[in-house]
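Hi everyone, thanks for coming.

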Amino acid sequence: GGGKEGKYKGYSYGVANQKWCWIPEMNVLNAFYTTTLDQEITAANQASLCTFSVSSTEEMEQPGYYFTESGKKQWITVCLACAKVLRGKIAMTKLPAGISFICATGCKASPLEETGPFKCLSVAKLDLSTSEAGNSLSCWEEKLISLRKETSVQTLTQEISAARAQRALKLLAYRNGAEYKYKDGQLIIGTTFSSLLSTCTRRLELTRPASRLYTLEGTQILTISELIAWAVNDLLRESGREAKSKKVKSLYRTGRCKVSIGDVSARTDLESLDPTLITIVLRNPIEVWVSCGEAHVPLSGKKLNRRQRLQRKCWLQKEKVLCDLNKMKHIMRHLQGRRVGTMEPATMVPTKSPIQPVVVEGGWSEPTPAEVKLMEEVQNMEMHLSEVQAMQVKRQPHVLNRMVFSQRPLDSQPNVKRVLAYLNGGSADQGVYAWGKSIPELLVNCTERLHVRRAAQLLFTPDGEQINTWEKIERDMLVCVSAGEPFLTSAASRQRIEVRANYSRVRKEGGPDATNIIILPRKHPEDKISTFLPKSNLRKPLLGEVSLLTFLNAQIFL
């Protein structure tokens with residue numbers, strides 16, 4: 001060659017591309033006419049692979065570079081591939097020909113990184129010689145496939161689904177020795193036993209960290225499994241006393257469960273029980289008494305009396321109803337948000353009625369059938385909740401209340417009545433509770449609770465029937481409050497707003513004279529009276545005419 005790159009390199013290994021052999025019998029020039037090791041070193045340099053993975057610990061004369069550490073005179077030699085990696089980091093010098101060495105990257109006591117030109121493989125653990133290159137490639141390909149399987153989305157999803165999920169437990173915690181009052185307990189939620197204890201310490205304001213939990217009977221609880229097992233046993237005992245536990249017993253997997261009903265222990269694997277049973281148990285909070293290390297202090301009574309059990313049952317029923325009610329209201333808010341977000345235009349349909357010439361149908365302001373159905377369910381749920389609360393008050397009357405009711409005839413209704421009131425033309429889901437001993441007092445309270453500018457004067461039922469007597473009002477009744485105007489449904493109120501908006505839009509786009517159009521009735525052909533009136537006889541259109549004119553003008557300008 002004529003250039004600098006084409007000059008012959010005087011090395012024993014790593015220059016196989018410059019060694020040839022002429023065969024005169026065949027007139028052929030044979031390339032790479034050298035040893036196998038020389039070809040391997042040359043191929044490693046061309047592919048940017050460390051020559052230590054080919055020659056191992058055998059020193060040989062090959063191209064390379066050297067550098068010295070600060071304060072030392074010993075040379076540290078590297079091959080061409082490792083020198084490319086260290087370029088710009090360390091000042092290196094090219095080795096002269098005739099020096100045999102091995103790359104320092106593969107040595108044990110080398111200050112260089114063991115990966116060398118590789119990203120994650122170690123040079124000393126990799127054999128790329130001709131006899132072992134195929135085996136090394138197959139081995140690392142198998143490892144790469146296994147790593148891809150381990151990190152694939154499908155494998156991770158299967159492992160996550162197979163792993164046991166941490167159940168969140170709800171506790172109703174009391175101090176050790178405190179009197180049993182279901183409404184005074186602290187609701188504690190956690191997934192581990194340590195988190196439950198720390199939360200109990202903070203919520204109950206204990207002077208020392210909580211370390212133990214006790215049940216009502218004095219059973220000591222130290223783990224989550226013991227707590228769940230005790231709750232399962234308590235549910236089975238209670239259901240067995242009340243209804244023979246037929247429904248709960250059917251939830252057991254008779255083929256897998258090896259424990260008897262009412263004898264579930266903490267050492268028993270809870271997976272032997274049906275998940276539905278555990279879900280029913282953990283749905284309600286478990287009553288525990290928290291101890292800081294002292295022994296259990298028993299309550300005055302060994303067993304809960306009938307009144308306390310009834311109080312607990314009513315409280316759980318109320319909590320379930322409130323939870324379902326909040327879910328339904330949350331769904332209602334989502335449905336309303338989607339409807340308003342679409343902003344679908346309404347359709348104006350003409351009618352033959354002179355009182356209501358235009359009917360607005362559809363649009364984003366009209367509730368969907370799903371919303372109407374869900375609203376009915378919410379109202380029924382609220383009525384059910386009021387019935388549950390009335391049942392609690394009835395079963396647990398106060399002493400003064402009993403004295404008052406004892407002096408009243410049995411067929412008489414209470415003086416103060418509560419109703420769910422909403423504005424005339426509004427929606428029932430925006431109602432508020434109001435109280436009163438008479439209709440005037442109830443109207444005053446409705447004015448204050450609804451924050452209206454004008455005083456409430458009339459009461460209507462949701463069907464539009466006016467309420468005139470106090471006897472027609474029932475407890476927790478849904479009433480419509482009016483300031484004197486006739487009864488209006490929410491749809492009629494929205495239609496009135498739409499008509500006014502269309503009227504204003506037409507006047508804004510076409511000017512004040514856009515709505516000054518009068519439509520006179522068609523005259524009989526035999527009538528000789530002219531239907532054309534002078535300009536001075538024009539009169540101002542009435543309210544019904546304005547509605548019709550609004551629709552006509554809207555059709556003209558749209």
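**Salt bridges in this model**

Let's start with D476, which counts as buried at 12% relative accessibility. Buried here means under 20% relative accessible area, exposed means over 50%, and partly exposed is in between, with a 1.4 Å probe and protein chains only. Before going on: this is a predicted model, where local features need pLDDT of at least 70, side-chain atom pairs count only at pLDDT 80 or more, and totals for chains, interfaces and linings use all residues. Residues are numbered from 1 along each chain as its sequence is written, and side-chain values use heavy atoms, leaving out hydrogens and water.

Which residue does D476 form a salt bridge with? The partner is R418, and the closest N and O atoms are 2.6 Å apart. D476 sits in the loop between β17 (458–460) and β18 (477–482), while R418 is in strand β15 (residues 417–423), so this pair links distant parts of the chain, 58 residues apart. Helices (H or I, at least four residues) and strands (E, at least two) are DSSP runs, numbered from the N terminus.

A salt bridge means a side-chain nitrogen of Lys or Arg within 4 Å of a carboxyl oxygen of Asp or Glu. The whole structure has 6 of these salt bridges.

Another one joins R339 and E371, with 2.7 Å between the closest N and O atoms. R339 belongs to helix α10 (residues 306–342) and E371 to helix α11 (residues 369–395), 32 residues apart. R339 is buried at 15%, and E371 is buried at 3%.

Finally, E69 pairs with K72 in a salt bridge at 3.4 Å between the closest N and O atoms. E69 is partly exposed at 28%, whereas K72 is exposed at 53%.
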